[in-house]
Every structure is written in C-alpha cells, then in structure tokens.
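I opened my notebook on a new model today and jotted things down as I looked them up. Have a look at it alongside me.

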Amino acid sequence: MNILTVSQNYFVRGGSDRYFFGLNKLLREKGHQVIPFAGASEKNLPSEWAGFFPKAIDVKQPKTLELPSYFYNRNARKQLQRLLELNKIDIAHLNIYYGVLTSSILKELKSHNIPIVQTLHEYKLACPVYTCYRDQTLCTQCSDFRYYHAIKNRCNSNSIVKSTVSALESYISRALGSEQLIDQFITVSEFQRSILSGMGVPQDKMRTIHNFVDSEAFVDQSCKNKEGFLFAGRIELSKGVEDLIRLASSHQNTNFVVAGDGSAMPWLKEQIAQRKLSNIKIMGFLSQAELKKAISEAKACLVLSIWPEPFGLAVTESYAAGTPVVAYANGGPAELVQHGKTGFLVQPGNLGELGDAIAMLEDDSDLAIEMGSEAQKIVRNNFSTDSYYDQLMQVYKRSLGGQHA
C-alpha cells in the first residue's frame with residue numbers, strides 16, 4: 001500500500017511529532033511505501049521528498065502579509081498536486097496540518113479519490129485554540145462549531161486579535177472540509193472521543209486507538225539505580241509547571257529533573273533562582289536517545305498537566321523504560337495510569353496527595369521497581385507496535401472499502 005503521511009513539521013518538537021515519525025517507521029517496517037508531506041523548514045530532518053514540501057509560515061506568530069496562507073495555503077495545494085501527479089497514493093494519513101499546510105490540501109486529495117484518515121492529537125475540530133480548557137477548567141462553549149465563543153472569551157493569549165484569527169481559521173477550515181472530507185478520525189483516548197462527540201463531531205467517524213510505543217527502543221536504556229523525579233515535555237503553565245515549583249519547594253530533599261523547553265522556561269528559571277531551589281536540575285531540550293536515558297534513570301515521571309491532555313505519551317514512554325508515573329487524574333493520562341499498580345493518580349492541584357505519592361516512591365525503592373516492572377508488561381501487551389498496526393489496518397480498510405489487504 002502506498003501511504004501519504006501528512007504533518008506540519010518534519011522535525012521533532014513534541015509528542016505528536018514523535019508519533020508521526022514513529023508511524024512512518026512502523027509502516028515502512030510493515031512493507032508499505034511511505035511518502036511524507038510536511039511544511040518546509042530549516043529545522044527539517046533530511047528527506048528524499050523534501051522537494052515537494054511547501055514553504056511554511058510561523059504559525060506561532062504569523063506576519064500580517066502571511067495571514068492568507070495561514071487560512072489557505074495555495075502553495076501547499078500546488079505542491080501536493082505535483083506530488084500526486086507523479087506518485088500513486090492509496091490512502092492519506094493526516095497528523096496535525098492546520099496553519100502550515102491548511103485545509104487547502106483536502107480537496108486536492110479528494111480530487112484524486114484518495115481516502116483520508118486523521119489522527120487527532122488535540123481538540124481542534126471543536127476548539128479553535130485546541131485545548132477545550134479555559135479559566136482552569138474544561139470548556140465546551142464552542143460545541144456545535146460555535147467558534148465565536150473563542151473571540152468573546154479571548155481564548156488565544158487573552159487577545160481579541162489572536163482569538164479572532166483562531167476562530168476565523170476554524171470556520172474557514174471547517175468550510176473547506178476539515179470534518180466532512182475526512183473518512184475516519186483516530187482519537188487517542190476514549191476521553192478525547194467523548195469530548196469531541198459531545199461537542200458535535202460525528203461519533204461514527206471516530207475510533208479510539210491508543211498511541212503505540214516501541215518498547216524495544218527502551219530495552220538498552222534499562223536502569224535499576226533510579227534516582228529523582230523527571231518532568232519532561234513542553235515547559236508551559238498548562239503542563240503544571242507552577243505545581244512542580246511548589247512541590248520542589250516543599251520537598252527540598254527530593255531531586256527533580258526538568259527536560260524540555262517552552263514559553264514558561266524563563267519563568268521557571270526565575271522561580272528556581274528566587275526560591276533558591278538547588279533540587280531542580282534543568283536539562284533543556286533532549287534528543288530522543290537522551291530523553292530515553294533520562295526517563296529510564298528516573299524513579300518516576302511526573303505528568304502534571306492541568307489541561308485535559310488527550311493522551312499522554314509521556315506515560316507510555318515511561319512505562320516502556322520501566323519507570324512508574326505520578327499523574328494528575330485528568331484527561332487521557334487517567335486512562336493510562338493504574339493507581340497503585342503502575343504509579344499514582346492524584347487529583348489536579350492537590351499538592352498534599354502529590355507529595356504523599358512522591359514520598360512513597362522516594363522512601364520505597366522496591367515499590368518503584370515493582371511498579372516499573374508492571375508498567376513494562378502493560379505497555380508490551382497493550383501499546384505495542386503490532387497491536388497498533390492491526391487496529392490501524394482496520395481503519396484503513398474501512399476507509400478504502402476493503403480494496404487493499
């Protein structure tokens with residue numbers, strides 16, 4: 001089968017990018033021809049298909065003259081048309097494509113009679129700012145695609161201008177078929193599926209397949225002398241950085257490691273300096289190999305997102321390394337962590353419960369090892385590449401109408 005895989009980036013910035021490259025690798029290993037299509041960028045990894053990648057704008061801060069391309073990227077459609085004329089594609093599998101490639105690509109795919117599957121990593125179909133989170137609580141005001149609520153509530157950076165751009169992009173994207181032209185959506189948790197369904201996305205177009213993790217890639221990273229607690233990922237306030245600071249301040253005999261980068265990194269460093277916290281080590285952005293090593297060396301990983309994350313790749317990657325997880329019982333991670341068995345679930349913002357969980361693992365190394373061992377078994381049984389592939393092929397076959405094996 002010839003598969004077009006689509007993403008904003010062809011470099012690793014976050015969990016959705018790790019999924020994208022993992023998906024490409026998995027499909028190739030299973031014998032498929034995989035052709036990636038992404039925005040052009042100096043950060044991109046090498047690809048023989050880079051000549052087809054359209055120019056990308058900065059989606060974080062698009063310039064005024066670039067705004068039309070943020071809503072509808074004509075060059076993306078033109079480059080995709082050129083690619084499709086030269087290559088036979090059986091099915092397209094979309095990752096995050098908004099803003100960079102835009103929904104301009106959808107009608108081009110359909111004009112070539114190519115079925116489209118999309119893995120959803122957020123709530124973008126129903127929420128212009130992707131999160132369904134506002135004022136420290138779940139927000140579903142934009143249900144039934146009433147995106148104007150994002151403007152009323154200044155959901156994007158508390159800015160009327162940015163919020164208007166986000167809402168307008170969502171209206172245009174929907175008009176171009178961001179829901180109607182997709183044959184099947186893959187949700188990464190039942191929590192995400194239920195939220196999107198409740199907000200108007202057709203339930204029969206969605207199927208939940210939990211993200212996979214290549215557990216074999218963590219085998220050589222196995223570590224029995226685990227120390228400290230790892231906070232890894234994007235360094236943003238929505239990821240619970242403020243609670244991490246409070247936790248470290250009240251447990252100054254416990255070591256914490258921070259891996260990653262983001263807009264809240266300056267604030268984090270400032271807080272560490274002001275509070276004189278010598279028990280937090282900042283490692284910055286890590287390569288995949290370095291991140292795996294850091295996960296395997298930690299006594300436990302902390303997943304403290306205060307927004308309802310759809311999945312929680314940090315959880316399954318920790319499991320693969322034999323490392324338990326302490327997570328807020330919120331969103332996707334609540335489906336993944338088995339309380340008392342593979343780690344601990346804590347009510348969001350409850351620093352007392354969080355501190356108790358940390359103390360139990362800090363004081364009982366055997367407990368951490370037992371939980372890590374159980375976590376490894378679970379990830380191999382439930383989140384393996386083979387299991388994911390089998391479920392993915394069912395989605396493909398349904399979209400293709402049974403044309404391919």
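My entries follow, grouped by topic.

**Before starting**

I remind myself that this is a predicted model.

In which order do the 6 strands of the open sheet lie? I read the order as 11-10-9-12-13-14, with parallel pairing. I then noted that strand 11 (280–284) and strand 14 (343–346) are at the edges. Each of them has a single partner strand, so one side of each has no neighbour in the sheet. From one strand to the next, I find an average twist of 20°.

Strand 10 (residues 256–259) runs parallel to strand 11 and is joined to it by 4 bridges. One pairing I wrote down is Ala-259, whose bridge partner in strand 11 is Gly-284.

**Entry: helices on the sheet**

Next I asked which strands helix 9 (residues 265–275) lies across. I found strand 10 and strand 11, with the helix running at about 155° to strand 11. Helix 13 (residues 351–363) lies across strand 9 (229–232), strand 12 (300–303), strand 13 (325–328) and strand 14. I noted its direction too: helix 13 runs at about 170° to strand 14.

**Entry: helix 11**

I wanted to know how many of the 8 residues of helix 11 (residues 313–320) are buried. The count is 7, so this helix is largely enclosed by the rest of the structure. I listed the buried ones as Leu-313, Val-315, Thr-316, Glu-317, Ser-318, Tyr-319 and Ala-320. Then I checked what covers them, and my list includes helix 1 (15–29), helix 10 (288–297), helix 12 (333–336) and helix 14 (365–382). Strand 12 and strand 13 also take part in that cover. After helix 11 comes Gly-322, and I noted its positive phi, near 75°.

**Entry: aromatic rings**

I searched the whole structure for aromatic pairs and got 15. One of them joins Phe-20 and Phe-21, edge-to-face, at 5.6 Å centre to centre with 75° between the planes. I checked Phe-20 for burial, and its relative accessible area of 1% makes it buried.

Tyr-98 is buried at 1% relative accessibility, whereas Tyr-130 is partly exposed at 24%.

**Entry: lysines over rings**

I then looked for charges over rings. Lys-124 has its charged end over the ring of Tyr-98, 4.4 Å from the centre. I also noted Lys-30, which lies over the face of Tyr-389 at 5.2 Å from the ring centre.

**Entry: Ser-103**

My last stop was Ser-103, in the loop between strand 3 and helix 4. Is Ser-103 buried or exposed? I noted a relative accessible area of 3%, so Ser-103 is buried. Its side chain makes a polar contact with the side chain of Ser-173, at 2.7 Å. Setting aside neighbours within four places in sequence, I list Tyr-97, Ser-173, Leu-176 and Ser-178 as the contacts of Ser-103.

Key:
Residues numbered from 1 in each chain as written. Predicted model: local features only at pLDDT ≥ 70, side-chain atom pairs only at ≥ 80, totals over all residues. Heavy atoms only, no water. Pairing = 2+ DSSP bridges. Helix = DSSP H or I, 4+ residues; strand = E, 2+ residues; numbered from the N terminus. Axes fitted to C-alpha atoms, helices over the stretch in contact; angles between N-to-C directions. Contact = heavy atoms within 4.5 Å. Phe/Tyr/Trp six-rings, centres within 6.5 Å; stacked < 30°, edge-to-face > 60°. Buried < 20%, exposed > 50% of the residue type's maximum accessible area, 1.4 Å probe, protein only. Lys NZ or Arg CZ within 6 Å of the ring centre and 35° of its normal. Polar contact = N/O pair within 3.5 Å; in protein donor to acceptor, adjacent residues only side chain to side chain.
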